[in-house]
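Biologist: Please take a close look at one part of this model and describe its surroundings. Then place that part within the chain as a whole.

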Amino acid sequence: MAIGLLQIGLPERSYVPTAIAIVTMAIAPYLATILMSRAGKVSDRFVGDRSQRTPILIGTLATVLLGMAALVILEAPASLILVAGVAVIALMIVTAITLRWKISIHTTIAAFFAVLQIVLYGPLGAVAIVIPVMVGWARLRLGAHTASQVIAGAVLGAVLGGAYAVAVGCFT
C-alpha cells in the first residue's frame, strides 16, 4: 500500500500529504498489529483469529479517517484523498464481513494495488496482476484462508480498484 501511495502522491509533489497517507494507511496500522502481537493481545501479526479482527479494523478505520481529515485540511491532491476514501470504504466492508466470515484482507489489498498499477500505467501495469495471485497462493499455502476467502478478497480489491479508477477520472 505504501508504494501505491508514493506512486500517487510523489508525481503531484505532495510530499507531506503523501507521508501522512503512508503513516495513517500503512505504517501505523501494521505497527500497531505487530506490537499487539508481541504483547500477546492478538493471536499473531496477521490476526489469524477472526474474533480478534474487528477491534483492529475499527482502530485502523479511525486512523485512516484521521489521516483523511488531515489530507482534506492540507488540500492534498484529489487522488490521495480518493485513495483514503476507498480505504475507508474497504475497511467498512471488510469489518462487516469479518463479523461473520474471514475474508482475505491481504488479497484485497494486493488486488487493489494491481488495479492501481493499471490505472497509473495502463496495459503495462497489468503485469502487477501476478501480485494478488502470489499473495492468494501464499495465504492458501499458509493455511490462513480457504480458496473462497482468497477469491472474495481478490474480487473485493478489484472492485475497489475499479471504483478508485472511476472516481479519480471524475475528480481529477
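Modeller: I will take Thr108, which is buried, because its relative accessible area is 5% and the cut-off for buried is under 20%. The model is a predicted one, so the values that follow are computed from predicted coordinates.

Thr108 belongs to helix H5, which covers residues 105-121. With its neighbours within four places in sequence set aside, Thr108 touches Ile103, Gly153, Ala154, Leu156, Gly157 and Leu160.

Helix H7, which spans residues 147-171, contains Gln149. Gln149 is also buried, because its relative accessibility of 9% falls under the 20% limit. Beyond its neighbours within four places in sequence, Gln149 is in contact with Trp101, Lys102, Ile103, Ser104 and Ala144.

Val155 is another residue of helix H7. Its relative accessible area is 48%, so Val155 counts as partly exposed, given that exposed requires over 50%. From Val155 to Tyr121 the C-alpha to C-alpha distance is 21 Å, and the two are 34 residues apart in sequence.

Now the chain as a whole. It has seven helices and zero strands, and its pattern along the sequence reads α-α-α-α-α-α-α. For 172 residues, a compact globule would have a radius of gyration near 16 Å; the value for the chain is 16 Å, so the two agree. Along the principal axes, the C-alpha atoms occupy a box of roughly 40 × 35 × 25 Å.

Of the 172 residues, 43% are buried; Thr108 and Gln149 are among them. Where contacts have a separation of 6 or more, 69% of them link residues 24 or more positions apart.

As for the surface, the chain exposes about 9,000 Å², and 73% of that is supplied by carbon and sulfur atoms. The charged side chains number 10 positive and 4 negative, with the centres of the two sets 13 Å apart.

How values were computed: Residues are numbered from 1 along each chain as its sequence is written. This is a predicted model: local features need pLDDT of at least 70, side-chain atom pairs count only at pLDDT 80 or more; totals for chains, interfaces and linings use all residues. Side-chain values use heavy atoms; hydrogens and water are left out. Helices (H or I, at least four residues) and strands (E, at least two) are DSSP runs, numbered from the N terminus. Buried means under 20% relative accessible area, exposed over 50%, partly exposed in between (1.4 Å probe, protein chains only). Contact means heavy atoms within 4.5 Å. The radius of gyration is taken over C-alpha atoms; the globule rule is 2.2 Å times the number of residues to the power 0.38. Accessible areas come from the Shrake-Rupley method with a 1.4 Å probe; for residues, only the protein chains shown count as cover. Lys and Arg count as positive and Asp and Glu as negative; His and the chain ends are not counted. The place of a charge is taken as NZ of Lys, CZ of Arg, CG of Asp or CD of Glu.
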